[in-house]
Amino acid sequence: MKMIKAFRNERLTYRLELVAQEAIGANDEIFLRETGFRIRELRVLRLIDDTPGTTFAEIAKATGLERSLTSRIIRTLLGDGLIVRENSLQDARVFLLTTTPKGQNIRRIARQLSDRLEVILTDPLSDQELATLDGILDRLGSWITSEEYRTALAID
């Protein structure tokens, strides 16, 4: 049996992006159907739930999303009653975001769904391969967020 290549380009960043895009694209409609929210919205909800009192700027930085998209997502979550905002006591221009009980429930449902979908995604991998992949991704993540990496990129 002839194997069909999954990628037309061998570059690592291309392959990582394509895998992520395909998985997100395949799962986004499932999350929308089951929770009423898309993956990006649920990621922002999770970040807020994990760090009550977080700010818009912190969410934008953590997600890497454009500020206008982050703002739209936060407005959606506010409008649907999943999060609330209150003014910071230190700076009235800053809003602190926290989840509501409804938001915590949606987050719980999304987590259960995510767990099931990740099992399907990783089905072709053995437990050892999955552990190896997790370790490699952790090391790459630490590397690309390090000063050493930034310094290495600056070298001509």
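**Figure 1. Salt bridges across the predicted model.** The count of salt bridges (a side-chain nitrogen of Lys or Arg within 4 Å of a carboxyl oxygen of Asp or Glu) comes to nine. This is a predicted model, in which local features need pLDDT of at least 70 and side-chain atom pairs count only at pLDDT 80 or more, while totals for chains, interfaces and linings use all residues. Residues are numbered from 1 along each chain as its sequence is written, and side-chain values use heavy atoms, leaving out hydrogens and water.

**Figure 2. The salt bridge between Arg-107 and Asp-50.** Here the two side chains meet at 2.8 Å, N to O. The pair links distant parts of the chain, with Arg-107 in helix 5 and Asp-50 in helix 2, 57 residues apart. Helices are DSSP runs (H or I, at least four residues), numbered from the N terminus. Arg-107 is buried, at 17% relative accessible area, whereas Asp-50 is partly exposed at 43%; buried means under 20%, exposed over 50%, and partly exposed in between, with a 1.4 Å probe and protein chains only. Look around this pair and you will find a network of salt bridges that links Arg-46, Asp-49, Asp-50 and Arg-107.

Figure 3. Arg-111 and Asp-115 meet at 3.0 Å, N to O. They are separated by about one helical turn, because they lie four residues apart in helix 5. Asp-115 is partly exposed, with a relative accessible area of 38%. The side chains of Glu-34 and Arg-33 meet at 3.3 Å, N to O; Glu-34 is partly exposed at 43%, and Arg-33 is exposed at 60%.

**Figure 4. Glu-41, buried without a salt bridge.** Glu-41 sits in helix 2 (residues 39-50). Glu-41 is buried, and its nearest side chain of opposite charge, Arg-38, is 5.9 Å away. Even so, the Glu-41 side chain reaches the backbone nitrogen of Arg-38 at 2.8 Å. Setting aside neighbours within four places in sequence, Glu-41 is in contact (heavy atoms within 4.5 Å) with Ile-73, Thr-76 and Leu-77.

**Figure 5. The lining of the largest pocket.** Helix 1 (12-35), helix 2, helix 5 (101-121) and helix 6 (127-144) each supply at least two lining residues, and helix 1 gives the largest share, nine residues.

Note on methods. Lys and Arg count as positive and Asp and Glu as negative; His and the chain ends are not counted. A polar contact is a pair of N or O atoms within 3.5 Å; within protein, one must be able to donate a hydrogen and the other to accept it, and residues adjacent in sequence count only if both atoms are side-chain atoms.
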